[in-house]
Amino acid sequence: TIACAWATMRYFGIDGYTQITKRVVEGTLKLREELKKIDELEVLGQPDVCLVSFRSRTLSIFAIKDCINEMGWQLDALQKPAAVHFCLADRNSHMIEKF
């Protein structure tokens, strides 16, 4: 909502918000490129902001999701096509190497 956006800008300021956005975008691009290196996975689209979706034509993507979620991450299921997505935010964008 507008009130939330206003409060966020007041709290972080333009410079703070810009730095957060930069970290999230960098994390998104890093995750996208690392996932592309895995032959069994296919990144959907060209994510560039905060949401990376991917699927597999050879492995159970939902089994992968369950495994990764058990390690403390949060992947969400998608359908048509069967896929998952990962939402990056400031709190997790710096931990992509661990993912």
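In the hairpin formed by β3 and β4, four residues lie between the strands, and K80 adopts a positive phi near 55°. Helices (H or I, at least four residues) and strands (E, at least two) are DSSP runs, numbered from the N terminus. The model is predicted: local features need pLDDT of at least 70, side-chain atom pairs count only at pLDDT 80 or more, and totals for chains, interfaces and linings use all residues. Residues are numbered from 1 along each chain as its sequence is written, and side-chain values use heavy atoms, with hydrogens and water left out.

Strand β3 (residues 75-78) pairs with β4 in the antiparallel sense over four bridges; two strands pair if DSSP finds at least two bridges between them. Within this pairing, L78 stands opposite A83 in β4. Strand β4 also runs antiparallel to β2, to which four bridges join it, and F86 in β4 is the bridge partner of V52. Four of the five residues of β4 are buried (under 20% relative accessible area, with exposed over 50% and partly exposed in between, for a 1.4 Å probe and protein chains only).
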